[in-house]
Amino acid sequence: MRPVEKWEPADHPDIKAIYPRYQEAKPDLCRNLGTMCSYCEKAYADERDLQVEHIQPKKYKDANGNYIYASLETAWSNFLLSCSTCNGRDNKDTKNVEYGKCHLPHINNTFLSLCYKAGGVVEVNPALTGRSAANARTLLELVGLDKSPSSSCSGDKRWQIRSTSWDMAVRYLNMYKAHNVQLETIVDLVQARGCWSIWFTVFKGHDEVRQALIQAFPGTAISCFDSQDHYEPIHRNPQNDDDPV
Ligand SMILES: [Zn+2]
């Protein structure tokens, strides 16, 4: 999952700390994060197909029936962008999201959290252990991102989009190696389709492509990738011994 910058309203003249209505934050989110679902990375040409995602759900009720995140309904700090599938799956509204217990693309290097493979497979990075592995698993389950064809509800085509994108990325990698496609064409394609992490994975070892993917997508957290080491992902929270990811 593409890690994104954590934009602070204090540093950014074009975003507000609190919006009159949360829906009004969408143009600012699209400009700063790109018109792509923060979770499944599907790209949309039309902003209207994306929803303002509340990281800590506005409808989540604690054991006493209190809406504990109601005050964050219009707060920039609680927003990402989401497609309707990621936002609506698995009763997400009823799941508590606690910082430090779930990887999130604006806090962690979520490119390290998950692994993408052929066939639409997405799974927790097997190299992770302990708290990092648990927090990556919580992220995966939060939006039901690993639903396979067999466990998928009929309307959930995210695995299929990933599978098609993987095959396409491999095909374009071979064309690129044979000098039969321009870098710009690849970037245009990813911007139109999404699945940023799949293309970034497949083009490992092609630094100029990885660099272009980071630069072409607004809000990509550039500090999560080592420009001296082929743009390989690096820990975002090295000071956190429990979960440096
Ligand atoms: Zn999505």
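A: Y231 is buried, with a relative accessibility of 11%; buried means under 20% relative accessible area, exposed over 50%, and partly exposed in between, with a 1.4 Å probe and protein chains only. This is a predicted model, where local features need pLDDT of at least 70 and side-chain atom pairs count only at pLDDT 80 or more, while totals for chains, interfaces and linings use all residues. Residues are numbered from 1 along each chain as its sequence is written, and side-chain values use heavy atoms, with hydrogens and water left out.

Back to the loop. Y231 sits between β5 and β6, and its phi is positive, about 55°, although Y231 is not a glycine. H230 is in the loop between β5 (225–226) and β6 (232–233) too; strands here are DSSP runs of E with at least two residues, helices are runs of H or I with at least four, and both are numbered from the N terminus. H230 also has a positive phi, near 60°, in a residue other than glycine. At 41% relative accessibility, though, H230 is partly exposed.

Now the metal. The zinc ion is held by the SG atoms of C37, C40, C83 and C86, at 2.3 to 2.4 Å. Donors are N, O and S atoms within 2.8 Å of the metal (3.2 Å for Na, K and Ca), and with water not among the atoms, sites may look incomplete. The arrangement is tetrahedral because the 4 donor atoms subtend angles of 106 to 117°. For four donors, that label needs all angles between 85 and 135 degrees; four are square planar and six octahedral if opposite donors are over 155 degrees apart and all others between 65 and 115, and anything else is irregular.

Along the sequence, the donor residues follow the spacing C-x2-C-x42-C-x2-C. C40, in the loop between α1 (26–33) and β1 (51–54), and C83, in the loop between β2 (79–82) and α2 (84–88), are 43 residues apart, a pair that links distant parts of the chain. C40 is buried at 10% relative accessible area, and C83 is buried at 2%.

What about the strands named there? β1 and β2 run antiparallel, joined by 4 bridges; strands pair if DSSP finds at least two bridges between them. H54 stands opposite F79 in β2. In a regular strand the side chains alternate between the two faces of the sheet. Both faces of β2 are covered, with F79 and L81 buried on one side and L80 and S82 on the other.

With a disulfide taken as a pair of cysteine sulfur atoms within 2.5 Å, the count comes to 0. The sulfur of C102 is 13 Å from the closest cysteine sulfur, in C86, so that is too far for a bond; C102 itself is buried, at 5%. For C115, the closest cysteine sulfur is in C195, 15 Å away and too far for a bond, and C115 is partly exposed at 23%.

One last stop is helix α4. Residues 130–142 make up its 13 residues, and it reaches 18 Å from first C-alpha to last, close to the 18 Å expected at 1.5 Å a residue, where the expected span is 1.5 Å times one less than the number of residues. Its buried residues, including A133 and L140, pack against α3 (110–113), β3 (114–116) and β4 (122–124), contact meaning heavy atoms within 4.5 Å. G144 follows α4, with a positive phi near 55°.
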